Amino acid sequence: MTPTPVPAERASRPPVPLLLLLAAGLGLWVLKLRAEFGPAASLVLAGLAVATAAVPASRRIAASLLDRVRNPSPRSAWAAAAAVAAAAAAYLFATAWWQGTDLVPRLSDEFSYLIQARMLAGGRLWHAPHPPAVRPFFDTLNLLVEPVYGSMYFPGTALLHAPAALVGVPYWAVSLAVAAASVGLLYRLVVDLVDGAYALAAAAMLVGLTMFRATSVMLLSQTPLLLMGLSMVFAYLRWRPRQDPRWAAAVGALAGWAGITRPADALFYAVPVGLAMARDLWRRDAASGFVPGPADGATGSAGPTAPRAGRRAWVLTLAGLVGPALPFLGLQVVQNVGMTGRWWEFPEARYADETYPAPMLGFHTYDLAAWRRPALPQKALLSEYIADAFYAPHRPAAVPRTWWEVRIPETLGYGLGHPLLAALVPAGLLGLTTRPRRALAAVLLLFVGFYAFYVFYIPHYMVVVAPALILLAVLGARAVERG
């Protein structure tokens with residue numbers, strides 16, 4: 001299949017000047033990242049780049065090399081994506097080995113996911129509760145022991161790891177493959193969204209993230225969600241030229257699987273992609289003279305033929321989106337009913353009710369004196385720490401200050417591979433001239449909007465939003481290149 005052509009840049013620029021946006025980016029770098037230049041090696045590389053650009057002969061050679069990779073053919077782009085993924089896998093494994101990373105579970109989250117994956121490999125989402133006499137010995141973090149025994153997490157990550165658990169492949173090998181595939185897919189996306197040279201830069205920026213490298217050999221849900229989110233955007237690009245319902249079905253299946261992996265993070269990708277698809281269908285109808293009627297969308301202004309064509313495209317797309325997602329959502333309902341007794345109550349919510357002083361989403365008051373302490377001492381101590389470190393400062397009036405002083409620096413620091421790249425992010429807004437670019441960049445907006453209401457904000461969360469930040473940095477560099 002031929003790649004989606006990148007629409008030509010609009011002739012008119014947005015009203016905000018490039019220099020003003022670059023100044024805003026430099027302000028972010030100075031105020032929020034303390035004007036850090038990164039490690040000495042990055043300064044050496046930057047110096048070599050400046051020296052290369054300063055010498056006309058070397059500048060011409062570099063420009064010639066970049067021109068060779070800017071516009072690869074579809075076949076070459078896929079071959080390059082495979083090579084990038086393979087190189088990423090080797091690099092991620094090498095860095096883990098070089099840094100002495102133990103390829104065993106270290107976080108309580110990983111143990112919970114591993115238990116869940118092994119249960120799924122055996123065809124179960126939960127087990128019957130242990131006898132009351134021994135039940136306390138199985139009580140631990142991120143697991144429910146009543147009314148049944150099982151992981152509190154959504155089943156999407158375990159579903160991905162279950163086949164490997166069934167045949168004995170170590171979980172870190174699956175995680176490494178997922179991370180490497182994400183790097184290759186990001187390259188392939190940026191080829192279509194920008195060009196091949198910037199696609200290589202984007203791939204390098206992703207593997208340069210500390211948290212991405214760390215999670216690449218861990219059993220967590222962020223890296224699988226990253227791959228699913230990028231795959232949604234890729235499927236949308238393939239659907240877009242002809243509104244092929246098969247690609248709509250791919251979007252729906254990926255959205256469904258992502259929805260039972262990290263539901264909120266899945267929406268960060270699914271909502272922009274869904275809105276972009278609706279806008280494309282609307283523009284197609286408008287171009288053909290069909291305008292859906294106000295009542296049911298079944299009538300329009302172009303006579304009986306055009307409305308039938310427009311209605312059919314809408315129905316096929318909607319069926320493609322919803323149908324493949326239903327089995328995944330059904331699996332979630334089965335888990336909810338089996339573990340909590342209610343189809344709408346997630347095991348994670350039940351665990352939070354039993355362990356934390358208040359729900360994780362929203363702003364809540366709590367009273368530790370009236371709080372029913374968990375029986376397990378480790379849970380009680382952790383919950384008391386969480387109450388002081390996370391819940392107490394999580395107040396509506398504190399949101400602007402928290403984001404300005406803590407969360408914006410963390411988002412930029414952990415979502416970009418180098419502090420100076422933050423200076424390019426505001427300028428990247430000038431490059432949001434196509435709907436696919438805006439769909440991917442909107443992930444950042446939804447991410448910030450949701451986590452403003454969420455109690456926890458942990459560095460590895462930024463893995464999910466990294467592609468949006470990387471795209472903005474790439475588009476900012478492109479804006480600077482074009483002046």
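**Pockets and helices of a predicted model**

Colleague: How much space lies in the largest pocket?

Modeller: In this predicted model, the largest pocket holds about 1300 Å³ of space. A pocket here is an open set of points on a 1 Å grid over the protein atoms alone, where a 1.4 Å probe fits, with protein on both sides within 12 Å along at least five of seven lines. A volume is the space filled by probe spheres set on the points, which are joined across faces, edges and corners.

Colleague: Which residues lie nearest its centre?

Modeller: They are Leu-45, Ala-46, Ala-49, Ala-201 and Leu-421, from a lining of 31 residues. Lining residues have an atom within 4 Å of a point.

Colleague: Which helix gives the most to that lining?

Modeller: Helix α2 does, with nine residues. At least two residues each come from α2 (40-54), α3 (56-70), α9 (196-207) and α20 (462-482). Helices (H or I, at least four residues) and strands (E, at least two) are DSSP runs, numbered from the N terminus.

Colleague: And how does the lining of the largest pocket divide by class?

Modeller: It has 21 nonpolar, six polar and four charged residues. Ala, Val, Leu, Ile, Met, Phe, Trp, Tyr, Cys and Pro count as nonpolar, Asp, Glu, Lys and Arg as charged, and the others, Gly among them, as polar.

Colleague: What about the second largest pocket, how much space lies there?

Modeller: About 990 Å³ lies in the second largest pocket. Its lining has 38 residues, and Glu-348, Met-360, Tyr-454, Phe-456 and Tyr-461 lie nearest the centre. Helix α16 gives the most to this lining, with five residues. By class, the lining of the second largest pocket divides into 27 nonpolar, six polar and five charged residues.

Colleague: Changing topic, which residues of α12 are buried?

Modeller: Ala-248, Val-251, Gly-252, Gly-256 and Ala-258 are the buried residues of α12. Buried means under 20% relative accessible area (1.4 Å probe, protein chains only).

Colleague: Why are they on the same side of α12?

Modeller: They lie on the same side of α12 because they cover an arc of only 165° around the axis, taken from the directions from the helix axis to the C-beta atoms.

Colleague: Finally, how many helices and strands has the whole chain?

Modeller: The protein chain has 20 helices and two strands. Its C-alpha trace spans about 75 × 65 × 50 Å along the principal axes, and buried residues make up 47% of the 483 residues.

Colleague: What are the ground rules?

Modeller: Residues are numbered from 1 along each chain as its sequence is written, and side-chain values use heavy atoms, with hydrogens and water left out. In this predicted model, local features need pLDDT of at least 70 and side-chain atom pairs count only at pLDDT 80 or more, whereas totals for chains, interfaces and linings use all residues.

Note on methods: Buried < 20%, exposed > 50% of the residue type's maximum accessible area, 1.4 Å probe, protein only.
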